[in-house]
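These are my notes on one protein model.

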Amino acid sequence: MTDILNAIVALSNFVLIPGAAYGAQLALGALGVTLIYGILRFSNFAHGDTMAFGTMATILVTWGLQSMGVSFGFLPTALIALPVGIAITGLLLLGTDRAVYRFYRKQKAAPVVLVIVSIGVMFVMNGLVRFIIGVGDVNFADGARFVINARQFKEMTGLDEGLAIRSTTLITLITAAIAVALLFWFLNKTRTGKSMRAFSDNEDLALLSGINPERVVAVTWLIVAALATTAGVLYGLDKSFKAFTYFQLLLPIFAAAIVGGLGNPLGAIAGGFVIAFSEVLVTYAWKKVLEYLLPENLEPSSLVQLLSTDYKFAVSFAILIIVLLFKPTGLFKGQSV
């Protein structure tokens, strides 16, 4: 029985808890992608770099607060800076929409044209972030590191395997839950949210009903700024910030949105966790868990790892291709790609 408990703890420590945190981060990112696709009718390839920009803005504000001696106790100071980072990112996205996307919207350009335009915006944002904050790893997490560490857990339970719950993991799950709850409340209960849903379902009918399209577009970009910045900051706190990493995150985020159903917010959340746990499960070395569960003569000598962690994005790509081939509308019947 003890061996089974140790196996469960090891699985929780390296698969279940990290997978849940990563899934929450991907879900927030995928929600931004799916909102843009559902309302503005194009796939925004600049979303990963929007996350990077929002995180960079939050880091800069965090450094400013820390230099003034401001802290948030056992919580990261970045949580205080997050609303300012969201506001700065919101201004950037509104400015980008006015300077770039609005022209193509008025020309009623095909979605593929907007996709290509978003790729150009992506490169500009990426270069801007790298120019301002550099290309190296930036660790901006402060406050308490663990809610409970492995040694404390061992002392409390008497098990050989220790469970470590990082404070950033708990913050990620709580913040993501609050953000998702606020988003669904806004979309379902407020007049503006209902206007956005109507615009997404039938643009022509929404315009005939007197809905202001420019207001819907502006609110959409502001919500996307909030989701992207929050997702980026949570990912950066959980790991570290590096501009190119957020460019790489674009693949699992799009995979999450498409797996769940592009244009469907509920599907984006489900897709985020599907992609996250798929990546973690396939790249995890199962040796430790199997050593607890199998007899000594059957214990594996290798790591029992299907893929190296270097290939975790290949898992997202494989799932994305399978979904596009066999169920292009996704799990929750979003719009086909």
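**Entry 1: rings**

I searched the whole structure for aromatic pairs and found nine. The rule pairs rings of Phe, Tyr and Trp (its six-membered ring) with centres within 6.5 Å; planes under 30 degrees apart are stacked, over 60 edge-to-face, and the rest tilted. The model is predicted, so I note that local features need pLDDT of at least 70 and side-chain atom pairs pLDDT 80 or more, while totals for chains, interfaces and linings use all residues. Residues are numbered from 1 along each chain as its sequence is written, and side-chain values use heavy atoms, with hydrogens and water left out.

I took up Phe14 and Tyr284: the ring centres are 6.3 Å apart and the planes at 20°, so this pair is stacked. Phe14 lies in helix H1 and Tyr284 in the loop between H12 and helix H13 (287–293), so the pair ties together parts 270 residues apart in sequence. Helices are DSSP runs of H or I with at least four residues, strands are E runs of at least two, and both are numbered from the N terminus.

Buried or exposed? I used relative accessible area: buried is under 20%, exposed over 50%, partly exposed in between (1.4 Å probe, protein chains only). Phe14 is partly exposed at 39%, whereas Tyr284 is buried at 10%. Ring pairs link Phe14 and Tyr284 with Trp286 in a cluster.

I also checked Phe241 and Tyr246, a tilted pair with 5.3 Å from centre to centre and 40° between the planes. Both of these residues are buried.

Next I looked for a charge over a ring (NZ of Lys or CZ of Arg within 6 Å of the ring centre and within 35 degrees of the ring normal). The charged end of Lys312 sits over the ring of Tyr22, 5.4 Å from the ring centre.

**Entry 2: overall form**

I counted 14 helices and two strands. Along the principal axes, the C-alpha atoms fill a box of roughly 70 × 55 × 40 Å. Buried residues make up 49% of the 337.

I looked up Val124, which is in helix H4 and is exposed at 60% relative accessible area. Its C-alpha atom is separated by 9.1 Å from that of Ala46, 78 residues apart along the chain.

**Entry 3: pockets**

A pocket here is an open set of points on a 1 Å grid over the protein atoms alone, where a 1.4 Å probe fits, with protein on both sides within 12 Å along at least five of seven lines; lining residues have an atom within 4 Å of a point. Volume is the space filled by probe spheres set on points joined across faces, edges and corners.

What is the volume of the largest pocket? I noted about 650 Å³. Its lining has 24 residues, with Pro18, Asp238, Lys239, Val280 and Lys312 nearest the centre. H1 gives the largest share, six residues.

The second largest pocket has a volume of about 440 Å³. Of its 18 lining residues, Arg105, Lys106, Lys108, Phe199 and Glu203 are the closest to the centre.
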